[in-house]
Amino acid sequence: MFSVTSQYALRALTQLARHREQQAMLGKDLAVVAEIPPNYLAKILLALKNAGLLNTARGSRGGYWLVRPAESIHLIEVVQLFDQMQTPQPCVIGERDQCNDEHPCQAHERWRKIRNDYMEFLEGTTIADLANPAHKGEDVTARAVADAGHMTNA
């Protein structure tokens, strides 16, 4: 359900959260660690900076860092920056005007649950949640972003 740009933005923010607080990380290092093409990452970082999520400095001690604690940055903020669709479409089979609670399509109830779960995930998950795996050895970022990407490609 996430665009590649949103996935990269989440990956970059997660890496910055894992980096020591208030210590800048060079864009080229972030591109390598997060496995994001450097030119693509530069555009993403600019958008994140303009949104007030990152700060940057030039020079030998320059780089990027989170402006706010990772615990206060919810995924919804990031995804809304890069993905125009704030919630999945109201009807999975495209009956936008005909499909509603009073006149549901065949998939209405199941699709509504998926939409609600998706929004709950975005609103209830922070960058800190992705940066600090719940289980040792498990990369929560990769799993969450991959799961969302698979939903888009399905």
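**Figure 1. Tyrosine Y40 is partly exposed, at a relative accessible area of 29%.** The 1.4 Å probe sees protein chains only, and partly exposed sits between buried (under 20% relative accessible area) and exposed (over 50%). Y8, by contrast, is buried, with a relative accessible area of 15%. Please keep in mind that this is a predicted model, in which local features need pLDDT of at least 70 and side-chain atom pairs count only at pLDDT 80 or more, while totals for chains, interfaces and linings use all residues. Residues are numbered from 1 along each chain as its sequence is written, and side-chain values use heavy atoms, with hydrogens and water left out.

Figure 2. Rings of Phe, Tyr and Trp (its six-membered ring) are paired when their centres lie within 6.5 Å; planes under 30 degrees apart count as stacked, over 60 as edge-to-face and the rest as tilted. Because F2 lies in the segment before α1 and Y118 in helix α5 (residues 108-124), the pair ties together parts 116 residues apart in sequence. F2 is buried at 3% relative accessibility, and Y118 is buried too, at 8%. For Y8 and Y40, the ring centres are 5.1 Å apart and the planes lie at 75°, so the pair is edge-to-face. Distant parts of the chain are linked here as well: Y8 belongs to helix α1 and Y40 to helix α3 (residues 38-50), 32 residues apart.

**Figure 3. Helices α1 (residues 4-18) and α4 (residues 75-82) pack with their axes 9 Å apart, at an angle of about 140°.** That angle makes α1 oblique to α4. Here is the scale: under 35 degrees is roughly parallel, over 145 roughly antiparallel, 65 to 115 roughly perpendicular, and the rest oblique. Axes are lines fitted to C-alpha atoms, for helices over the stretch in contact, with angles from 0 to 180 degrees between N-to-C directions. From α1, the residues T5, S6, A9, L10 and L13 meet L75, V78, V79 and F82 of α4, where contact means heavy atoms within 4.5 Å. Sorted by type, the residues of this contact are 7 nonpolar, 2 polar and no charged.

**Figure 4. The axes of α4 and α5 come within 6 Å and cross at roughly 110°.** The two helices are therefore roughly perpendicular to each other. On the α4 side we find L75, I76 and V79, which meet Y118, M119, F121, L122 and E123 in α5. The residues of this contact comprise 7 nonpolar, no polar and 1 charged. Ala, Val, Leu, Ile, Met, Phe, Trp, Tyr, Cys and Pro count as nonpolar, Asp, Glu, Lys and Arg as charged, and the others, Gly among them, as polar.

**Figure 5. E35 has a positive phi of about 55°, although it is not a glycine.** Look for E35 in the loop between α2 (27-34) and α3. With 62% relative accessibility, E35 counts as exposed.

**Figure 6. Stepping back, the protein has 7 helices and 2 strands.** These are DSSP runs numbered from the N terminus: helices (H or I) of at least four residues and strands (E) of at least two. The order from the N terminus is α-α-α-β-β-α-α-α-α. Of the 154 residues in the protein, 37% are buried.
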